[in-house]
Amino acid sequence: MNSKNRYLSSAFLLIISSVIVKIIGAVYKIPLTAFIGAVGRGYFATAYNLYLPLHAVIMGAMPIAMSRLVSKYNAKGELKMLTSLRRGAGGVFFLTGVIGTGIIIIFAKPYSSLIASSPKSVYTAFVIAPSLFFSCLAAYYRGFYEGFLDMKPTAVSQTLEALFKMVFGLVFARLCMRYLYNEYITAGTVTGVIAKNEGEALSLIYPFSSAAAMLGVTAGSLVSLMFVFVYDRINRPSLPAASGGEGRRALLSFSLPVMLSCDIQSVVQFLDTGTIQYSLKKAPVDALISAFENPISLSHTQQSDTVTYVWGLFCTALDFKNLIPGITMALGVCAVPAICREFESKNKEKTELLINSVFKYTAVISIFMSGAEILLSKEILEFFFASSSPDVVSGCEALVKQLALTAPLFSYASIAVFTVQALGKPEKSVIPYIISGIIRCALNCVLITNKDYLLLGAVISGGVGYGVMFVMNMYSVKKISKCRISLWNILLKPLITGVSAYFFSEYILSKIFFPAFSQIKLLINLTVFAVIYCILCFFFKVLDFKEIFSVFNFKKNGLNT
């Protein structure tokens, strides 16, 4: 199987698992939001915002470095270096996990109180801290097998993680909510604190039920680690003996620029999120209440919880936007070892083919999902939240549309960064991250505090910042690889296809009478848009049948294949 087909097969497997993970995540958040409310989601999201920057370093730097080095040594037949890398990397990943967990524990309280203006989030942050350690150890095994384009450990483990996160998270949240609410009903208190009415009781309960839900995340990461550990014991390749020193040095040498890039990305992401929350706190409260009057009224939110509630709505809308780059990221994970192999082999023709392919498929997937969310935002929200949290439907409809417009830019930027890393120049992504971060933080502070923009300011800042990041990284890709990048094929044709499909679908759907059931309406609308989009993709020759068939021509790839 040639490199392109192997890449497509691996990418297809990882995309399928990513779709399953995202579906599980969406299903998980429906009853979760019902249990803990938008205020609880605010606590949940605040803890995640402290956790994710460190998690991004682990999942975005070291596994990528491990994957690339495994691919490199395997391509050159340097099996002793593979052994050395495997032995030396274990301690590095272990120590990184310990340090990351400690950082979360140390900074949980000051971040929750001083930056997020949500001191009750500290319980949730403490609970999620151990999952960083488990994720780091799991990433060690994932990165090793990804280097052989074996995506099964990654695909299965991330699916198990999402599934157990959902099961444990919902069970723990439900039990905690039931126990504390029963205390309020029987004694008029929550953990011993007097609650004058149900609104005050829920305000006291949400921090604990959010922390209970987060315990499911930690449990899921432990299950994921257990799976990859067992998989490695069964499938570990036979390699010659070697010490771990040289491999450890190689990993650290390659990881440091990648980690620097990811550290900067994480710091920038932290500051980006922090400035959004801080600017919401500085925004006129009466403007926030006016802008979200209907959902606030429906949810009976206390005025003191307004900022946390609005932040929770924004994070709920982000869940749908993040589906898009979250799924297309699978293409980037697969691209690193595939592009690295051909680039290290000095095969310019295949390198060029792979680079153009990964960007084209990113465009096709992200534009389709973006168009679907813009076209069907209300139906999607009603499907998930109409019965459990109608305030979320009212508060998030416009936000989902706005964020979906910018989502392809996030996908393009992340794939461009992965490609730069695959070409062995991760340090080239540092400056784009910094410039993008400065733009986003500045626009957040200026726009969100303006009563005419509020959360729209966060949407604008993200789109502009990631657009700049994409352009700068694409310049690096072209300069390093010396390959010809066809912007017409990888960006403009898919964009024209997506826009055409959107307007065709909008016209056709306006002529169709829909029954009252939103589930049926959503299914019909999505089917119409998907069929039109697929037809236009083949009509405009964005896709061809040979590429589609090659995806299913999957064979197991071993060492030196």
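Start by selecting Leu353, which sits in helix α11, residues 348-385. Keep in mind that this is a predicted model. Ile339 and Leu353 are 14 residues apart along the chain. Their C-alpha atoms are separated by 9.4 Å.

**Stop 1: Cys340**

Move to Cys340. This residue belongs to helix α10, residues 306-344. Color the surface and look for Cys340. Its relative accessibility is 0%, so Cys340 counts as buried. Cys340 and Thr351 are eleven residues apart in sequence. Draw a line from C-alpha to C-alpha, and the distance is 8.3 Å.

**Stop 2: the whole chain**

Zoom out and show the chain as a cartoon. How many helices and strands does the protein chain have? There are 17 helices and two strands. The chain holds 561 residues, and buried ones make up 58% of them. The protein chain exposes about 23,100 Å². Carbon and sulfur atoms supply 68% of that area.

Now think about contacts. Take those between residues at least 6 apart in sequence. Of these, 84% join residues at least 24 apart. The next stop has a pair to look at.

**Stop 3: Tyr43**

Select Tyr43 in helix α1, residues 3-60. Tyr43 is buried, with a relative accessible area of 3%. The cut-off for buried is under 20%, so Tyr43 qualifies. In sequence, Tyr43 and Ser121 are 78 residues apart. In space, their C-alpha atoms are 4.8 Å apart.

Which residues does Tyr43 touch, leaving out those up to four places away in sequence?

- Ser118, Lys120, Ser121 and Thr124 are among them.
- Ser203, Tyr206, Pro207 and Ser210 are also among them.
- Asp305 and Thr308 complete the list.

**Stop 4: α2 and α4**

Select helix α2, residues 62-76, and helix α4, residues 122-146. They pack at an angle of about 30°, with their axes 7 Å apart. Angles under 35 degrees count as roughly parallel. α2 and α4 are therefore roughly parallel to each other. α2 passes α4 in a right-handed crossing.

Look at the residues that meet here. From α2, pick Pro63, Met66, Ser67 and Val70. From α4, pick Ala139, Tyr140, Gly143, Phe144 and Glu146. By class, this contact has six nonpolar, two polar and one charged residues.

**Stop 5: α5 and α6**

Select helix α5, residues 152-187, together with helix α6, residues 198-235. The two axes come within 6 Å. They cross at roughly 155°. Do these helices run roughly parallel or antiparallel? Angles over 145 degrees count as roughly antiparallel. α5 and α6 are therefore roughly antiparallel to each other. Their crossing is right-handed. Color the contact by residue class. The contact of α5 with α6 divides into 26 nonpolar, seven polar and four charged residues.

**Stop 6: α12 and α14**

Go on to helix α12, residues 390-422, and helix α14, residues 455-481. Their axes come within 8 Å and cross at roughly 25°. α12 and α14 are therefore roughly parallel to each other. The crossing of α12 and α14 is left-handed. How many charged residues are in the contact of α12 with α14? There are no charged residues, alongside 17 nonpolar and eight polar.

**Stop 7**

Before you select anything, recall a general point. Most residues other than glycine have a negative phi. Now select Leu454, in the loop between α13 (430-447) and α14. Leu454 is not a glycine, yet its phi is positive, about 50°. Leu454 is buried, with a relative accessible area of 5%.

Finish with Lys482. Where is Lys482? Look in the loop between α14 and α15 (487-510). Lys482 also has a positive phi, about 60°, although it is not a glycine. Is Lys482 buried or exposed? Lys482 is exposed, with a relative accessible area of 58%.

How values were computed
Residues are numbered from 1 along each chain as its sequence is written. This is a predicted model: local features need pLDDT of at least 70, side-chain atom pairs count only at pLDDT 80 or more; totals for chains, interfaces and linings use all residues. Side-chain values use heavy atoms; hydrogens and water are left out. Axes are lines fitted to C-alpha atoms, for helices over the stretch in contact, and angles run from 0 to 180 degrees between N-to-C directions. Helices (H or I, at least four residues) and strands (E, at least two) are DSSP runs, numbered from the N terminus. Angles under 35 degrees count as roughly parallel, over 145 as roughly antiparallel, 65 to 115 as roughly perpendicular and the rest as oblique. A crossing is left-handed if the near helix is turned anticlockwise from the far one by less than a right angle, and right-handed if clockwise. Ala, Val, Leu, Ile, Met, Phe, Trp, Tyr, Cys and Pro count as nonpolar, Asp, Glu, Lys and Arg as charged, and the others, Gly among them, as polar. Buried means under 20% relative accessible area, exposed over 50%, partly exposed in between (1.4 Å probe, protein chains only). Contact means heavy atoms within 4.5 Å. Accessible areas come from the Shrake-Rupley method with a 1.4 Å probe; for residues, only the protein chains shown count as cover.
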